[in-house]
Amino acid sequence: MYINNVATSKTRVYISESFSIKFDVQGVSIPWFEFPFSNESLTENMIQFVKGSTLMSAIKNVYVTLNGQKIVATLNEETGKYEASITAPAASSWSQADHVYKAVIHAEDAAGNVTEMNSDDATYGPQLKIRVLEKTAPTAVINSPTQDALLGENTQTVKFTLKDAGGSGLNMDTVVLKVDNTKITSGITYTDGDDGSKVGTYSAKSLTDGTHTVTVDVTDNDGNAATTATITFMISTAAPTLTVTTPANNLITNSTKVTVAGTAKPGTSMVTVASVKINGVAATVNSDGNFSYEQTLTEGVNTITIIATDSLGKNTSITRTVTLDTKKPVISDVVASATTVAVGGTLKITFKVTDPA
Ligand SMILES: [Ca+2]
């Protein structure tokens, strides 16, 4: 017997109860009447009428399993469909096979026949694959260079640490490292850090003097994006400019002191001149970079080395050679051709002059 339409006073009735039932059979409405059911008249312990079902199809046990949960399904009398309200698992499904939790529907009838449908079902399987997303964003931290660092080399190692929380894990395909707003597409290497973190290393080369910016972005496997990590740092490689105005190179003097003077200026605006040393002794440098120093000379050839060094240790040197000669020429071997000579006559005086070293 096929039930086209049915209304009962109870959705589920047990054989020990009396109840009323009204239904039509193949479009012919039948009035209410009483069923004094007894154990002898029914073999099942429960009967349930569902529009569109056959009279004897008594479904008694319907539930859904998902990630270890068992959720009993209830019949919606309006729709005639079972409903299982499921609380999503607390963890992301990313680590599961195919990145989804797979639900299984179990249905058992009164006779003990069991049907299970899982996500392999050709028609309904896709409806039973449940992608669960976690909501905790990963973190990105740039370890080096450090914020506002002032660096003296034009190659710098960029090191950054990426870490996810929430369970889905880092999606390494989403990592975007930018140096001065240019995406780095090769040369990044990764090692495993603590607690599932990844440590990225990249060698940034040919950095010009000035300010540079590094950013790192990453997203986890569930689409949560880290707050962009950003640092700025400065490169200053240009050595100081050094001018020595005095002494002239190869000066020969009989003064035991010589003034060493000139100007030293930083190679970039990011650094200052830290020192000007003359043969290792610091000279006073004024705010304009001018310096003046009295260098004591020793007899003979003096090498004077002037070194200007900036705050990063970059230096420029100039060498001057100055000869101190305090020894007077020596005259000897004086011979006059005649020491008595007539007026208007000639004589010759010969002699030797030497300049002692
Ligand atoms: Ca996460």
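Me: Taking two residues as in contact if their C-beta atoms, placed from the backbone, lie within 7 Å, what share of the contacts between residues at least 6 apart in sequence joins residues at least 24 apart?

Reply: In the protein chain that share is 61%. Please keep in mind that this is a predicted model, in which local features need pLDDT of at least 70 and side-chain atom pairs count only at pLDDT 80 or more, while totals for chains, interfaces and linings use all residues. Residues are numbered from 1 along each chain as its sequence is written.

Me: OK, and what does the pLDDT average over the chain?

Reply: The average is 88, and 84% of the residues score at least 70, where pLDDT is the predictor's confidence in each residue, from 0 to 100. Over residues 13-56 the pLDDT is below 50, although the model has 65 contacts for this stretch beyond near neighbours in sequence. Where pLDDT is low, the predicted coordinates should not be read in detail.

Me: How many helices and strands are there?

Reply: The protein chain has zero helices and 32 strands, with helices (H or I, at least four residues) and strands (E, at least two) taken as DSSP runs numbered from the N terminus.

Me: Which strands does β29 pair with?

Reply: Strand β29 (residues 300-310) runs antiparallel to β26 (residues 273-278), with five bridges between them, and it also runs antiparallel to β30 (residues 315-324), with 10 bridges; two strands pair if DSSP finds at least two bridges between them. Four residues lie between the strands in the hairpin of β29 and β30, where glycine 313 takes a positive phi near 90 degrees.

Me: Which residues touch the most other members in the largest nonpolar core?

Reply: They are Val260, Ala264, Val276 and Ile306, in a core of 18 residues. A nonpolar core is a set of buried Ala, Val, Leu, Ile, Met, Phe, Trp, Tyr and Cys residues joined through C-beta atoms within 7 Å, and a residue is buried if 20 or more other C-beta atoms lie within 10 Å of its own, exposed if 12 or fewer, and partly exposed in between, with C-beta atoms placed from the backbone. Leaving aside neighbours within four places in sequence, isoleucine 306 is in contact with residues including Val260, Val276 and Ile318.

Me: Switching topic, what is the strand order in the open sheet of five?

Reply: The order is β15-β22-β21-β17-β18, with mixed pairing, and the edge strands are β15 (149-151) and β18 (182-183). β15 pairs with β22 in the parallel sense over three bridges, whereas β21 (residues 210-220) and β22 (residues 229-235) pair in the antiparallel sense over seven bridges. Methionine 234 in β22 stands opposite leucine 150 and also opposite threonine 211.

Me: Where are the cis peptide bonds?

Reply: One runs from serine 144 to proline 145, with omega near -5 degrees, and proline 145 is in the loop between β14 (139-144) and β15. Another joins threonine 246 and proline 247, with omega about 0 degrees.

Me: And aspartate 98, is that buried or exposed?

Reply: Aspartate 98 counts as exposed because 10 other C-beta atoms lie within 10 Å. Phi of aspartate 98 is near 60 degrees, a positive value in a residue other than glycine, and most residues other than glycine have a negative phi.
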